[in-house]
Structures are given as C-alpha cells and as structure tokens.
Amino acid sequence: MATSEVTFLIVKPENGAIWDLVRLLIVGDKKCYAKFLECSGVDDYVVDEDDCNGSVGGEVDDLRWVIFVSILVRKILKVFEKPLEWTGYFLEFLLNLFSLNGSFLGLLYNILHGKLVIPQRGTETFISSIGHIDGRINLYKTESLTKEFTQPDFIDKNLQLGMGHRALMDLYMMSSKLAYENENVVKNVVNHHWKMHFVDFYNCWNDYQKESSTQVFILCDKPKDANLILISFRGTEPFDADDWITDFEYSWYEIPNLGKVHMGFLEALGLGNRENVTTFHELFVKNAKSTNSENVDVTIAHPQQQPPERSTAYHTVRRKLKSLLTEHENARFVVTGHSLGGALAILFPTMLVIHEETDVMKRLSGVYTYGQPRIGNRQLGKFMEAHLEHPVPKYFRVVYNNDLVPRLPYDDKTFLYKHFGVCMYYNCLYVEQNVHEEPNRNFFGPRFVLPVYLNAAWEFIRSFTMGYIYGSEYKESLESVLFRLVGLFLPGISAHSPVNYVNSVRLGRQKSV
C-alpha cells in the first residue's frame with residue numbers, strides 16, 4: 001500500500017438512534033451502517049455512504065452482531081457516564097473517610113471528639129478504589145529483589161528467564177496496580193516502601209476522551225547507575241465510563257504496510273485525533289521521527305486543533321526515556337500496565353519501532369501486560385513479533401481465567417483484532433499455562449456461559465478463605481469481596497480485578513504435563 005493511501009473505520013454511536021441500531025441488526029440496512037460507521041479505503045480522506053458500502057463495508061456486513069453489541073454497550077455506558085462518575089467520586093471519598101478514621105466506629109469516635117479526618121484528594125493518604133480493593137503495597141520479597149538489583153548484569157541475566165523471575169513479575173504487576181493512584185501516593189510507595197527511585201508522574205492529554213486522563217509514571221531501581229527503568233501506564237478505572245467505552249471501541253486506523261491499530265488507544269497516547277484522520281497519517285510517515293523532535297504537541301501540522309500545553313503520553317514518555325537511557329548507560333527499560341494500561345504499554349514500543357527508534361529499542365528488556373485488550377490485527381502482530389521475539393521473547397501477556405477485557409475488542413475469522421506475543425494464562429486455581437490464545441477468546445460463547453457463572457460463584461466463596469489458606473497478605477478486603485459479589489452478575493468484570501493478577505503472579509504454579 002502506498003503511504004498516500006489510508007484505510008480507517010470509525011464507529012459513531014452518537015449518529016443514530018436505537019431504532020436505527022435495531023434495523024442494522026435485523027435487516028443490515030445500509031443507511032444505518034452509513035449513520036454509525038465512517039470509513040474509507042481510498043486515497044483521499046472524504047468518506048460518504050458509498051465508501052462504507054465498498055471495500056470496508058463488505059467486511060462490516062459480516063459483523064452485524066459485533067457492531068450492534070459494540071454500539072449498544074457504548075450507548076448504555078454514555079447514558080450512565082455521569083452517574084458512574086458521581087458514584088465513583090462519592091464511593092472513593094467514603095472509603096477514604098472510613099480508612100483514615102479507623103472504620104465506622106472510629107469515625108463516630110472522631111466525630112464526637114472533634115478529631116474527624118477529612119480525606120483530601122491528591123494527597124499520599126488518598127487511595128483509589130482499586131487501592132481499596134487490593135490494599136497490598138509491599139513487593140514480593142522486597143529485600144532480596146533490592147539486593148539483586150545491585151548486580152550490574154542482573155537485568156541481562158533475567159532477560160533469558162522472561163516470566164521466570166517471580167519477584168520481577170510481581171514488581172511489574174504491582175507497578176501496574178500502583179498506576180491507578182495519584183502522584184503523591186505513587187512517590188511515597190516507590191521511595192519508602194519499595195526503596196527505589198521515583199522519577200516522574202504524568203497526566204497526559206487523551207484526544208478520545210478530550211481530557212488529561214492518560215496517566216503514567218516512571219521509576220528506576222536507584223537514583224544513580226540504575227539497571228532498570230520501569231514505565232507503568234494506568235488502566236481502566238472502575239467508574240470511568242470513557243475508559244470502558246475505549247475497551248469496547250472497534251474503530252481502527254491502518255498504518256500503511258504494517259496493519260490496523262485500535263484508534264482509541266492511539267488517541268490515548270496522543271497520536272492522532274479521529275475528528276481529523278490526517279493527524280494519524282502524518283505521524284506514521286517515515287519522517288515522523290525527525291519532526292520537531294520531542295515537542296509535546298503531537299499535531300504539529302495542525303496547531304489550531306490542540307494547544308501546545310497539552311502534553312501527550314507518547315512524546316512525553318519517549319523524551320524522558322531517552323534522557324534516562326543517556327543518564328544510566330547500563331540500564332534497560334520495561335513497560336507495563338493492567339487493562340487499558342496494558343494496551344498502551346505494548347502500543348508504546350510499537351510506535352518506537354514504527355518511528356525507527358532503533359537505539360532505544362535495543363535497550364528494551366520487556367513488555368509485561370496484565371488483562372490487556374487487543375490493540376490491532378494479525379498483520380500488526382506479525383510485524384511486532386519480528387521485533388519482540390528475537391533473540392528471546394520480550395513481550396508477555398498475562399491473562400487471568402475469565403477476565404472479560406483480554407477478550408475485547410471482539411475477534412473472529414473476519415474481524416480485525418488479534419492478540420500476539422506469549423500468553424501466560426492462569427486458571428481459577430492459579431495454575432499457569434503457556435498458550436497461544438486464552439480459552440473462550442470472545443467470552444460470549446454459549447458453551448462457556450454456565451462455567452463462567454459457576455466459577456464466579458466459586459471465587460466469591462473462596463474470597464472468605466484466602467487469608468486462612470495462603471496467609472494474612474492474601475486476606476481479601478471487604479471491597480474485594482463485594483466486587484466479587486458483582487461478579488455473580490457480571491463475572492468477566494470481577495475476574496478483571498488486580499487482586500487476581502497479583503495472586504496469580506505470587507501463587508502461580510506451572511501446569512504439570
């Protein structure tokens with residue numbers, strides 16, 4: 001494909017009513033497709049109804065049900081966007097109010113004695129809802145890991161192990177979980193609990209959500225002569241409808257000669273804007289590497305669309321990473337994330353490869369994602385496997401049991417989204433298995449319905465016994481137990497909890513043959 005050609009598909013739920021959606025599902029009305037889908041497969045960027053019924057439309061017609069579900073879920077989430085946001089805001093305040101005042105009785109006592117502690121958002125004592133679901137902050141064998149980091153060739157030695165070093169895997173997962181917290185919490189945990197070096201924290205502009213919602217932090221194992229630089233992206237927040245809408249998003253943009261990429265994730269990294277698809281195209285041409293180098297304004301050719309002060313995640317992190325690699329000559333870097341953060345974690349080195357950042361990629365130790373959604377099609381996967389699997393695998397994708405998010409966006413023989421890389425799958429007993437694809441890859445398979453609900457019931461019951469079986473650090477909080485109760489109705493959501501991923505890494509055992 002010539003670089004002047006572009007292919008994209010944008011799903012627009014806001015452009016049609018529920019009746020249009022029903023007509024699309026039942027009769028496959030082409031006018032309804034034209035309302036909900038904007039697409040192109042030609043050399044220009046003008047899209048009309050004929051385009052959507054052409055080269056891309058034929059592919060879409062076989063996916064009526066998938067498009068219907070995607071649009072319906074996103075419409076529902078959009079309706080509940082503000083109620084969800086307010087619920088999350090109130091619930092986080094309430095959880096912190098109780099924790100800071102010592103439970104309900106402590107709260108009453110402090111009120112009566114004029115000692116009430118009011119939670120302040122953004123402080124090192126204000127914990128996110130994820131942090132309350134899983135309150136663990138200390139690493140697995142912190143002291144031994146700290147000692148190992150003093151060895152100059154520690155990272156190189158463990159590059160061959162991949163996921164075989166449990167303490168490192170725990171560090172990556174705990175960092176993915178920590179990314180949900182505010183800057184002061186992150187800094188406190190990294191410096192004082194993990195005895196490492198906090199580098200920086202960023203709230204970057206997300207062109208899909210139209211706000212600074214892409215959160216990422218960077219740490220090093222030590223301030224000087226570091227061996228490890230770790231980049232962690234925040235994942236899907238439980239009460240953020242926009243985050244869930246991004247996970248259910250099916251829009252894509254095709255990078256010429258490389259493959260199709262999830263448009264929402266590109267926007268989350270600040271790599272374009274669907275309102276003007278030319279912003280994507282300009283970033284993927286070969287000279288993108290040499291544009292105003294590290295200006296945080298990604299839309300250099302269209303400055304009127306995005307003010308320069310809005311920093312974008314890809315450019316901001318890339319600039320800082322280059323600086324750190326220069327400062328720490330022996331360091332290698334790792335990128336990690338849970339959920340949506342996992343998608344951004346693998347997309348970040350993907351863009352480094354596309355922009356021919358060869359010197360930076362030589363220093364990549366690995367990409368570790370947990371409960372990550374799919375980011376592109378098989379063509380993109382093959383392209384990245386060529387860069388991440390030799391001489392040893394560097395991309396590891398961890399999936400827990402019936403987690404819904406790794407099964408999104410939908411994957412079948414005609415649709416576009418495919419996973420790639422090494423998949424480490426853990427069942428409900430934390431038995432680890434190296435597989436090409438997680439079982440029940442699209443979650444909604446009829447034969448999996450009963451097992452999924454039975455498993456959710458089993459996990460709910462087990463949550464009361466974890467502390468007795470495995471020790472006090474595995475005792476589940478009331479918030480976690482209640483979240484598993486939700487799983488009795490929405491099992492794929494509760495399985496996505498970071499509790500399951502931390503437990504899998506710490507308690508996992510390989511399947512015996």
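# Close-up views of a predicted model

Asp-240 is buried, with a relative accessible area of 15%; buried means under 20% relative accessible area, exposed over 50%, and partly exposed in between (1.4 Å probe, protein chains only). The model is predicted, so local features need pLDDT of at least 70 and side-chain atom pairs count only at pLDDT 80 or more, while totals for chains, interfaces and linings use all residues. Residues are numbered from 1 along each chain as its sequence is written, and side-chain values use heavy atoms, with hydrogens and water left out.

View 1. Helices (H or I, at least four residues) and strands (E, at least two) are DSSP runs, numbered from the N terminus. Asp-240 and Trp-86 are separated by 154 residues in sequence, yet their C-alpha atoms are 9.8 Å apart in space.

**View 2. The salt bridge between Asp-242 and Lys-78.** A salt bridge is a side-chain nitrogen of Lys or Arg within 4 Å of a carboxyl oxygen of Asp or Glu. In this pair the N to O distance is 3.6 Å. Asp-242 belongs to helix H13 and Lys-78 to helix H5 (residues 64-79), so the pair ties together parts that are 164 residues apart in sequence. Asp-242 is buried, at a relative accessible area of 13%, whereas Lys-78 is partly exposed, at 46%.

**View 3. Arg-234 with its partners Glu-237 and Asp-243.** The side chains of Glu-237 and Arg-234 form a salt bridge at 3.9 Å, N to O. In the salt bridge between Asp-243 and Arg-234, the closest N and O atoms are 3.0 Å apart. Arg-234 counts as buried because its relative accessibility is 5%. Asp-243 is buried as well, while Glu-237 is partly exposed, with a relative accessible area of 26%.

**View 4. A network of salt bridges linking Arg-74, Glu-249, Glu-267 and Arg-274.** By the rule stated above, the count comes to 20 salt bridges. Side chains of opposite charge can pair when their charged atoms come close.

View 5. Val-452, Asn-455, Ala-456, Glu-459, Phe-460 and Arg-462 are buried. These residues cover an arc of only 165° around the axis, which puts them on the same side of H20; the arc is that of the directions from the helix axis to the C-beta atoms. The buried residues of H20 pack against strand E10 (395-400), helix H21 (466-470), helix H22 (478-486) and helix H23 (491-494), where contact means heavy atoms within 4.5 Å. Leu-450, Leu-454 and Ile-461 are exposed on the face turned away from the buried side.

**View 6. A nonpolar surface patch that includes Leu-105.** Phe-104, Leu-105, Leu-108, Ile-111, Leu-116 and Ile-118 make a patch of about 580 Å². Patches are made of residues with over 30% relative accessible area and no salt bridge: like charges are joined within 9 Å, and nonpolar side chains (Val, Leu, Ile, Met, Phe, Trp, Tyr) within 5 Å. Accessible areas come from the Shrake-Rupley method with a 1.4 Å probe; for residues, only the protein chains shown count as cover. Leu-105 lies in helix H7 (residues 103-112) and counts as exposed, at 66% relative accessibility.
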